[in-house]
Amino acid sequence: MAAPREAPERRPFGRRFLTDPTRLFQHNAWDNVEWSEEQEASARSKVQENSSQLLPQDKQEEYEVNAKRYWDDFYKIHENGFFKDRHWLFTEFPELAPNRKPSQNGDCVHEFSNKEESSNEGPGSCENGPCSLETRAENQLNMIKSTPKICTEDLAAWKYTELNQSAGDYPGSSASYRILEVGCGAGNTVFPILQTNNDPGLFVYCCDFSTTAVDLVQNNTEYDSSRCFAFVHDLCNDQSPFPMPDETLDVVILIFVLSAILPEKMQRIVNRLSRLLKPGGMILLRDYGRYDLAQLRFKKGQCLSDNFYVRGDGTRVYFFTQDELNYLFTKAGLEKIQNLVDRRLQVNRGKQMTMYRVWIQCKYRKPAAP
């Protein structure tokens, strides 16, 4: 995934230089922390160490073949209590609610700092790898029991949808603003959007690899089929259809999703998603950055390939650079609006423990028609 290097873009709100460790425990989080050369060298060394022993090829193929089962198992265990609703999205991505006032819900940059990646211990941690570290940020047990509902993964229904697309009749066909979230999980992005964006012309599509996850979304009491359509979809399968035609979406959301996919398949997926966008439509992404704490905590024997690992629960994760993501999106014909790195220090006061997190946030737009 080689690409020409460019100067890293960082958040515009103040850098933080940490010279006195005793001051760390006065704060829950520091934004845009500058790393020293020694710290970056140490992180690089840890990655070289934990990636020196790759899993055998047959094991790697097993994780790829059974990827759906591992994510189904994840949602069967945690249901919709593992992640927090992402209300920070509207500060970082105002495109999701264009008419929303900045003060609505009391969101601010520092609220995002505390809510996206909380330092509290969460469910799913394990001895042989950081199976829940990346999502501690969103975890807060809030289990909701719901009534089972049949999921919409039916071949006949898909054929019916494909036929109706040609006639301009598909879910959300009458909407004026369409959003698709890929990898919706239990709905922690979808439902905040539906709650916050009151545009009568809004329609939200959401899909996930996991049938269990889509069931959780459909069973949620806030699921409204007149404003939302949840469906099972395998991004890696080119024959798996979307319920909407090409060039009909205003926004595609990828939140900690692309990193779960085999790196060799990423470009093809970004190409497919870009075709769904209207001219002027945007892909919004937030994902794991190189040398994030989660990457440094992996042990030998959990590495699949460069910067790509398997967690203890069988799910996988890749750690990006800005250049890699820029290459993926621009090769798909999109133009860069934003590509920034967010290095953050989080502090668990109770345990007197510091955690350095690294994320990348991107906005890429489909060029407007001439």
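A disulfide, as the word is used here, is a pair of cysteine sulfur atoms within 2.5 Å. Keep that in mind for the first stop. You're looking at a predicted model, where local features need pLDDT of at least 70, side-chain atom pairs count only at pLDDT 80 or more, and totals for chains, interfaces and linings use all residues. Residues are numbered from 1 along each chain as its sequence is written, and side-chain values use heavy atoms, with hydrogens and water left out.

**Stop one: two cysteines**

Select C228 and show its side chain. Its sulfur lies 4.0 Å from the closest cysteine sulfur, the one in C206, too far for a bond. Now click on C206: it is in no disulfide either. By the 2.5 Å rule, the disulfide count is zero.

C206 has 0% relative accessibility, so it counts as buried. C228 also counts as buried, at 0%.

Next, select 303-305, 308-310 and 316-318. Strands here are DSSP runs of E, at least two residues long, numbered from the N terminus, and two of them pair if DSSP finds at least two bridges between them. You have an open sheet of three strands, ordered β8-β9-β10, with antiparallel pairing. β8 (303-305) and β10 (316-318) are at the edges with a single partner strand each, so one side of each has no neighbour in the sheet.

Finally, zoom in on β8 and β9, which are antiparallel and joined by two bridges. Pick C303: its bridge partner in β9 is Y309.

Terms used
Helices (H or I, at least four residues) and strands (E, at least two) are DSSP runs, numbered from the N terminus. Buried means under 20% relative accessible area, exposed over 50%, partly exposed in between (1.4 Å probe, protein chains only).
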